[in-house]
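Dear colleague,

Please find below the sequence and structure that I am handing over to you.

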Amino acid sequence: MANIYPSLSWDGESRPKVSVVGMAMLVAVASTVALPSAPTAEMASVIVREVVPATDDAERLVERVGGSIIANLELIGGFTATVPASALDTILEHQSVASATPDRSVRLQSDTTQWASDTATYRTSGSMYRTAKFVGVKSYWDAGFRGQGIDVALIDSGVVPVQGLTEPGKILDGPDLSLESQSETFRYLDTFGHGTHMAGIIGGRDPGVTNPWTDATTKFVGIAPNSRIVSVKVAGYDGAVD
């Protein structure tokens, strides 16, 4: 049978020409061979807080281990970053780093145990009076330190103006950063309960309180009853916070 593929010659010798079809088949076979890929490093999102006074050492360390800076957090003296999970120990042990914690969503916790105010007394375990006595605020109250002129920022689930928190000027609404900020009905208000509870402990005061220590046996008095609460709402009805 005649050779349908003409030959090529070089070096004075005649050699068979590789067919175009044969070459295409070789390329097709080669392209189907799966080459092993390099393993992808597991990455972790972290909040890095720097040692004071801060330098650029922590940022350079993150980049050196293969990570990247996401955003600066001047409020806490740090930044968020994405880093290889295998490099976390290296970052934590560096002299420029005070802490490195996972950057993830959290959820407020609430004790569902019912505290019946109609049957409880100021002697009941967990009452505000017992709490105030335990932390020793009487000496501060007697000396006149009751929170006057002090604003306390409460970053929580908002505040509902229940009794003890209804005094004019007691609650100042800061920004509402929760998803409920889009609702005219729920903006700034506590739909979870935790923020209102904390606001009461910090600065709640029932009407008619004149002497916090003696009045606390019959009225609600927070730790700093003359302070003002600046409410920054970050959590919604289910306590979820980004």
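Predicted model: local features only at pLDDT ≥ 70, side-chain atom pairs only at ≥ 80, totals over all residues.

Residues are numbered from 1 along each chain as its sequence is written, and side-chain values use heavy atoms, with hydrogens and water left out.

Overall content

The chain holds 7 helices and 11 strands; these are DSSP runs numbered from the N terminus, helices being H or I of at least four residues and strands E of at least two. Of its 242 residues, 30% count as buried (buried is under 20% relative accessible area, exposed over 50%, and partly exposed in between, with a 1.4 Å probe and protein chains only). Among contacts with a separation of 6 or more, 69% are between residues 24 or more positions apart, a contact being heavy atoms within 4.5 Å.

The antiparallel sheet

An open sheet of 4 strands runs in the order β4-β5-β3-β6, with antiparallel pairing; two strands pair if DSSP finds at least two bridges between them. β4 (68-73) and β6 (97-102) are at the edges and have a single partner strand each, so one side of each lacks a neighbour in the sheet. From one strand to the next, the twist averages 30 degrees (axes are lines fitted to C-alpha atoms, for helices over the stretch in contact, and angles run from 0 to 180 degrees between N-to-C directions). Within this sheet, β3 (residues 43-50) and β5 (residues 78-84) are joined over 7 bridges, and R49 stands opposite G78 in β5. Helix α2 (residues 57-64) lies across β3, β4, β5 and β6, at about 15 degrees to β5. In the loop between β3 and α2 is P53, which is joined to V52 by a cis peptide bond with omega of about 0 degrees.

The parallel sheet

A further open sheet has 3 strands in the order β8-β10-β9, with parallel pairing. Its edge strands, β8 (151-156) and β9 (171-176), each pair on one side only. Neighbouring strands here are turned by 20 degrees against each other on average, direction ignored. β9 pairs with β10 (residues 228-233) over 4 bridges, and D173 stands opposite S231 in β10. Helix α6 (residues 194-203) lies across β8 and β10, running at about 160 degrees to β8.

The loop between β9 and α6

Is S181 buried or exposed? S181, in the loop between β9 and α6, is buried, with a relative accessible area of 13%. Leaving aside neighbours within four places in sequence, S181 is in contact with D176 and R187. Y188 is placed in the loop between β9 and α6 and is partly exposed at 32% relative accessibility. The phi of Y188 is near 75 degrees, a positive value in a residue other than glycine.

The second largest pocket

This pocket holds about 260 Å³ of space. On a 1 Å grid over the protein atoms alone, a pocket is an open set of points where a 1.4 Å probe fits, with protein on both sides within 12 Å along at least five of seven lines, and lining residues have an atom within 4 Å of a point. Grid points are joined across faces, edges and corners, and the volume is the space filled by probe spheres set on the points. Residues lining the second largest pocket include L177, E180, Y237 and D242. By class, the lining has 7 nonpolar, 2 polar and 3 charged residues (Ala, Val, Leu, Ile, Met, Phe, Trp, Tyr, Cys and Pro count as nonpolar, Asp, Glu, Lys and Arg as charged, and the others, Gly among them, as polar).

With kind regards
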